[in-house]
Amino acid sequence: MTEAKTKTLYTCGMHPQLELPAPGNCPLCGCPLQPIEGTGADGTDAHHREMMWRFWGALVFTLPVFVSAMWLHVPGNPFSPLLPPQVQTWMELILSGVVVFGFGFPILRLGVQSIFTNYYNMFTLILLGTTAAYTYSTIAALFPRLIPAEFLDHHGMVPVYFEASAVITTLVLLGQVLELRARLKTAEALKELLGRFPNVAHVVQLDGSEKDVPREELAVGMKIRIRPGESIPVDGIVLEGRSTIDASSVTGEPIPQSATHGDFIVGGTLNGNGALLVEARKVGKDSLLEQVVRLVQEAQREKAPIARLADRVAGYFVPIVIGVSFASFTLWLFLGPAPAMTFAILNGVGVLIIACPCALGLATPMSILVGTGCGAKHGILVRRAEALERLARVDTIVLDKTGTLTKGRPTISDVLMFSDDQESDIMHRLASLESRSEHVLAGGFREWLEARSLPHLKVRRVEALPGRGIVGLVEKQEIAAGNRELMVQLCQDISPLVSEEKKNWIQGHRDRGDTVIFMAVEGTLKAAVALADEIKPGTREAVSMLKKKGYHLHILSGDSTGAVKLMGEELSISDARGGLLPEEKHAALKSLQQQGRVVAMVGDGINDAPALALADVGIALGTGTDLALQSAGITLLNGDLRGILQAIHLSRATLTNIRQNLFFAFVYNGFGIPIAAGALHPIFGLLLNPMFAAFAMMCSSLCVIGNALRLRGLKL
């Protein structure tokens, strides 16, 4: 394990050409690095813990600075005499210094890297704004006599900007924590998935003896004994034995599959009550579940994080700000009044301070914060901000079948009687027997009993027959329930199974993907019961509304091809494909993207995880597996597909709000920077008073916050 960790390399979604030996942030753009192989949870966890304590430390030191600047400095405040202005200033200097240069050191380092790599972004603006504000404020606090009288406040002191540098640093650290937490949870879900494999396998030697071998040492061709109830360690072919396999983690289908000689079974699935001898065909990284993990990781690396508008503009904005600052300094130095050097420094630095991205930094996260809160109230959990942004551009929606379009648990849909017995009496006996089973189909019979408020009849001597059914004594009568093979074995007369009418009924339900169970009493066939996975309430309405709005709909499922085709016909979705493994869903989704489609994938199972991660927007259902939830950017907590339309509406409203906030922020900078540079002085003789700069910065931030808060009233 140690050797594997030392070889783990990390890359950046924005710069996949990078391969770095340790986790952290990309040296070019500052995005969190992701492991190229393996889950990388340990490194991500360490980085997350570091950013967590940095954020909480910064918050503790920032709060008194913020209160001091925004409350105690207010003229006429009754609390002001309790803390003299000089003491306030020194307190702000020390505490904000700890925040900016101590807790916020990684942020400053990223800003410095962006300058050296010529990749300007928000970290560059944060570096320039916070250091300029802190440096200027420190000089003003230590050498107040250097500052002209025009810049003094009502206390006779030069206003300082310590709170701006501290607050911005703390907000940026919070963003880092949230990003790392999302990646950490995905890594943990992947680890849990790989934990489905057993640590050792029972390898059968040439002499017939068994030897426990670690899974890492298994090789293709080995013969492995799998005992009842054990996890399957490899993908392989059954050589001996008969059992049922719970493969729901791979196929997404709840009904266990029979496994007998010649059948291919998948590692990480769960063996039923029978013993099997399996020949290993795929081991380690070639096994299906490990391929699922790799596909999820590759999709996450390929899907570069959304470069926010503020970041894109920063590439042009940073050089402009620096150029204006230098031009202001030069002009005031050679053309300004005495003391020319003082005015040159103050106005040059003032440009950097006014450009400090307070409103710019709040514009996106405030809208995202309020928008995601609004979504949560309506059962829409937004896990990644970029998913909320991309959802507004989606034109194609891919749907899984089982558990997404349907309930994911079979219920009794039809009964065919082979005798003159009362159907209710036969079903009562059958349901009482099946309710003693742990089989997934038993839930449908339990629901049948509960819906009719019927008691469970006395059942004894229950025996499960793997791959065939169940037998037992119900009210002293021997009842058998299972497949056709079991009926042939137990019943003397099977003529009802071969009559044309009965065969058509049975085949019709099987074509629809239903499961048909036969029931016999004392060796006599009595009935056949069809169990179907019903369409969820709201599914038809959601599909109809999505089609009306012009979205292209597809069904990609691991269920049988016939069942999926029928589902497509029932919902009027022409492109419906079944029998797909996880990698085939992944490939189908990639093909749609290569056609220029912006794709949202909706699913709930582990088999959907690679497609959810690859999609432009992954939408998981809250009733699904942990890996599906962590691979998706958006989760519909109540599992109702009508939530897709609500999420799209939320996405568009949030994006509009972000654009409005960015407009406020850029208007503020557009007016503030020329004024800070002294553009009004030649005409009106006015200079930007630091008090006005602080007020303008506060107003721009309040505009952004107030506009973002409007999303709370959004009706979905």
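I started with helix H13 (residues 423-434), which lies across S14, S15, strand S16 (469-474), strand S17 (477-482), S18 and S19. H13 runs at about 110° to S16. My terms: helices (H or I, at least four residues) and strands (E, at least two) are DSSP runs, numbered from the N terminus; contact means heavy atoms within 4.5 Å. Axes are lines fitted to C-alpha atoms, for helices over the stretch in contact, and angles run from 0 to 180 degrees between N-to-C directions.

Next I looked at helix H14 (residues 442-451), which packs on the sheet and touches S14, S18 and S19. The direction of H14 makes about 85° with that of S14.

A note on the source: this is a predicted model, numbered from 1 along each chain as its sequence is written. Local features need pLDDT of at least 70, side-chain atom pairs count only at pLDDT 80 or more, totals for chains, interfaces and linings use all residues, and side-chain values use heavy atoms, with hydrogens and water left out.

Then the sheet itself: I read an open sheet of six strands, in the order S14-S19-S18-S17-S16-S15, with antiparallel pairing. Two strands pair if DSSP finds at least two bridges between them. Strand S14 (411-417) and strand S15 (459-465) each have a single partner strand, so one side of each lacks a neighbour in the sheet. From one strand to the next, the twist averages 20°.

I also checked S18 (residues 515-521) against S19 (residues 524-532): they pair antiparallel over seven bridges. Val 516 has Ala 530 of S19 as its bridge partner.
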